[in-house]
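The report below works through selected parts of one model, beginning with a helix and moving on to sheets and a loop residue.

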Amino acid sequence: MGMFKVLVSEILEETDHIKSFKLVRADGRGFDPYPAGAHIDIVGPTQVVRQYSLCSPPYDLDAYVVAVKREPESRGGSAALHDRLEVGSELEISAPRNLMQVAGSADRHVLVAAGIGVTPMISMAYQLQREGKPFELHYFARSRELAAFTDLLEERCGFGEKVRFHFGIPRDGQPAVLREILGGLTGASHVYTCGPEGFMDRVLSLAGPVLGEDNVHIEHFQAGEPADTSGDAAFEVELDSGEVFEIPADRSIVEVLQENGVPVDTSCKEGICGTCVMGVLEGEPEHRDNCLSASEKKANDQIATCVSRARSARLMLELF
Ligand code: FES
């Protein structure tokens, strides 16, 4: 995976627990164009690698902005970024990758975020605003004090009434609010959601039946529930080069390929970032990831090799 050096050029305390970091290229050049909703890998001061969504305007190629929430259980990831970075610190980052993108055409784009999940939505809202497309951004947070980027969203970004805040809605009150938000959607509408898993499940369960799962776009920050591995068995992977590898019941595809010198990139190793995805030429995968969409899983022509396995005795794979 291509990595490059950046410098921290600005740090803002968005809330007590969230800081935003503006990053510029260390070589003074601009960044390459990328689609809204992308995320990058950041190698932190303790060499821990984490993925963060870009929340700056995707057409501003002078700088990236990421927002980092200090996780209470952090042992070197978000805590190290909060405590050890200062303006001028150097970091290594990857090029942006996209798992969630703005749909090409829609009669309405509805962005629904909870908590720190608002970050990719801000970038997507910037793009929709610039293209003059109909959108609204709904932001759920426990309170105004805990919500990041309220000033930006209310004033500086120019989204106006397209931004609606939903503060302090208890979990059992969320379905009613979501039903109201999603009312009037058609099969040509697209909904995008990012936040805690339970929140995204609620959005999917309400929007999916109206729009179809392909029109509900989800950005996961966490791996899904651990798979039941008790029935796992060995299977074979054949590469398009003709090499064949046995994948034992207790090893992942990517582990076996990497130790045999096959250059598969990885990042999260939990099925959320999409870095290790390979093409499936033959055989049937058993998908266990949170990075491929429902329709991509149904198509069975890609596999996240860090977590997913095979239903068939052999998979033929190709490197992307
Ligand atoms: S390495 Fe992130 S999905 Fe496999």
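## Helix 5

Helix 5 covers residues 197-211, and because its 15 residues at 1.5 Å a residue should span 21 Å, the distance of 20 Å between its end C-alpha atoms agrees with expectation; the expected span is taken as 1.5 Å times one less than the number of residues. Helices here are DSSP runs of H or I with at least four residues, strands are runs of E with at least two, and both are numbered from the N terminus. The model is predicted, so that local features need pLDDT of at least 70 and side-chain atom pairs count only at pLDDT 80 or more, while totals for chains, interfaces and linings use all residues. Residues are numbered from 1 along each chain as its sequence is written, and side-chain values use heavy atoms, with hydrogens and water left out.

A kink of about 30° lies at Ser205, shortly before the proline Pro209, where the bend is the angle between axes fitted to the seven residues ending at a position and the seven starting there. Glu197, Phe199, Met200, Val203, Ala207, Gly208 and Leu211 of helix 5 are buried, that is, under 20% relative accessible area with a 1.4 Å probe and protein chains only, whereas exposed means over 50% and partly exposed lies in between. The elements that cover these buried residues include strand 7 (109-114), helix 4 (174-182) and strand 11 (216-219). After the helix comes Gly212, with a positive phi near 85°.

Five strands make up an open sheet of mixed pairing in the order 13-12-18-14-16; two strands pair if DSSP finds at least two bridges between them. Strand 13 (244-247) and strand 16 (302-304) stand at the edges with a single partner strand each, so one side of each has no neighbour in the sheet. Within this sheet, strand 12 (residues 235-239) and strand 18 pair in the parallel sense over four bridges, and Leu239 stands opposite Leu317 in strand 18.

## Ser312 in its loop

Ser312 belongs to the loop between strand 17 (309-310) and strand 18 (314-318), and it counts as partly exposed because its relative accessibility is 22%. Leaving aside residues up to four places away in sequence, Ser312 touches Phe235, Gly283 and Glu284, contact meaning heavy atoms within 4.5 Å.

A polar atom of the Ser312 side chain lies 2.8 Å from the backbone nitrogen of Glu284, and the Ser312 side chain also reaches the backbone oxygen of Arg314 at 3.1 Å.

Technical notes: A polar contact is a pair of N or O atoms within 3.5 Å; within protein, one must be able to donate a hydrogen and the other to accept it, and residues adjacent in sequence count only if both atoms are side-chain atoms.
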